[in-house]
Every structure is written in C-alpha cells, then in structure tokens.
Amino acid sequence: MTHSLPASPSAGERSQVRHDAETLCSSARRTIDMFLPDPARNTTFLQIFDSAVIPQEVRTRIVVDSPYDVAGFPASVEIRIDPLISERFLVIDDRLAVTGHASRMAMVRAPVLVSLLGDLFEHVWSRAEQRPRGWKAPFSLTEQEKIVLRMAAEGMTDEVIGRRLGLTSRTVRRHMANAMERMGAQSRLQAGVRIAKAGIV
C-alpha cells in the first residue's frame with residue numbers, strides 16, 4: 001500500500017505554476033513541507049526548491065523515498081525517509097500547495113485540500129525514518145543480487161527469474177541465499193522488508 005492522493009482539480013501551465021511556487025516559497029514565513037520521491041527524476045520540484053530564496057527562519061522538511069536521496073540538500077533542511085511515498089507535493093505555511101508531475105502541475109488554494117495535504121504530511125513525517133547525512137546501508141549486495149531481489153519482490157518465481165536472466169533456478173536460489181545471509185534475513189519476506197528500509201532496490 002502506498003501513500004497517494006487523487007489528482008488536484010485545479011491546474012495551470014507548468015511554467016506559470018513553477019514561477020508562482022518559487023515566489024511563494026521565497027515569501028514563506030513559517031514552514032515548507034515536501035514529499036519528493038525519486039528526486040533524481042522529479043527535477044521540477046527540486047528546481048522550485050533550488051530557485052527559491054527561502055528565509056533562514058522558515059522550517060523546511062522533506063520526505064524522500066530512499067536514504068540515497070538525502071545528500072545534496074542544505075544542512076538546514078530536515079529530511080526523513082519513507083519508501084512508500086509516491087505523490088509529489090509541497091505545502092507552504094499550511095495555506096497553499098503545489099501538486100502534480102512535471103508535465104502537469106497544479107496550485108492548490110482550497111483550505112480543505114491544503115489541510116488534507118498538510119495532515120498527510122504530518123502523519124507520514126511522524127512515522128518516517130530519520131537518518132544522518134552520511135548514512136550507508138549496513139550491508140552491500142552485488143548488482144545481480146539486487147536484480148534477483150527486485151524481481152522476487154515483484155512476485156516472480158525462481159524459474160521465471162532464471163528464464164528472464166538466462167540463469168538456472170539453482171543459480172537464482174544461490175543469489176537469493178547469499179543476499180539473505182549478507183542481510184541477516186531468515187526469510188524472503190524479512191529480506192524484502194530490509195531492502196525496502198535500506199532503499200537498496
């Protein structure tokens with residue numbers, strides 16, 4: 001289950017919304033809160049954040065979906081990790097929000113919708129995991145092991161994974177066993193939980 005929201009009913013041209021968002025972030029007085037899954041691909045929201053001149057007294061909090069996305073933000077930005085977030089939005093001073101994707105963004109001003117987004121952010125923030133900027137996963141996996149784990153997490157059997165990768169089922173099970181041993185996992189379910197928390201795959 002992922003944290004998600006329905007599409008906003010209000011929309012505008014991306015360039016105008018982005019310009020307005022930058023201006024509003026620069027004029028923030030108290031808080032800026034943001035959901036930012038996969039920052040490397042969702043550059044529009046990063047550009048809004050980078051272009052705005054945010055006052056130092058404004059508390060800025062960002063939830064990302066992987067610990068590897070923690071680097072690159074100013075030290076003043078508070079960051080937590082939740083691998084289940086899927087929507088992109090930012091809320092400014094609990095009075096307006098920007099939602100959507102790069103090709104279609106929306107400015108949300110309706111108090112009820114802004115309050116909904118703010119409540120969702122607070123709920124996820126309170127449960128999200130905080131890690132230091134220099135955090136590294138407590139275990140490492142080979143690229144082949146990562147691929148096998150990713151495919152297994154999608155529900156594929158060892159036989160299907162083997163056919164897709166050109167491996168025998170025995171080799172697939174060996175990769176899985178090696179990865180589980182390195183992670184200290186006693187089952188595939190436990191391995192899935194640990195790699196999700198670590199943001200490995």
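Partly exposed describes a residue whose relative accessible area lies between the limits for buried, under 20%, and exposed, over 50%. By that scale E122, at 37% relative accessibility, counts as partly exposed. The model toured here is predicted.

Start by selecting D33, R61 and E122, which a network of salt bridges links. Show R61 and E122: their closest N and O atoms are 2.5 Å apart. R61 counts as buried because its relative accessibility is 6%, under the 20% limit. D33 belongs to strand β1 and R61 to strand β2 (residues 59-64), so here the parts joined are 28 residues apart in sequence.

Next, select D94 and R30, another salt bridge, with a closest N to O distance of 3.9 Å. D94 is in the loop between β4 and β5, and R30 in the loop between α1 and β1, so the pair ties together parts 64 residues apart in sequence. The whole structure holds 6 salt bridges.

Move to helix α4 (residues 143-153) and colour E145, V148, L149 and M151, which are buried. Viewed down the axis of α4, they fall within an arc of 165 degrees, so they line one face of the helix. On the other side, E143 and A153 are exposed. After α4, stop at G155, where phi is positive, near 95 degrees.

Finish at helix α5 (residues 158-165), where D158, I161 and G162 are buried. The face turned away from that buried side carries exposed R163 and R164.

Technical notes
Residues are numbered from 1 along each chain as its sequence is written. This is a predicted model: local features need pLDDT of at least 70, side-chain atom pairs count only at pLDDT 80 or more; totals for chains, interfaces and linings use all residues. Side-chain values use heavy atoms; hydrogens and water are left out. Buried means under 20% relative accessible area, exposed over 50%, partly exposed in between (1.4 Å probe, protein chains only). Helices (H or I, at least four residues) and strands (E, at least two) are DSSP runs, numbered from the N terminus. The arc is that of the directions from the helix axis to the C-beta atoms. A salt bridge is a side-chain nitrogen of Lys or Arg within 4 Å of a carboxyl oxygen of Asp or Glu.
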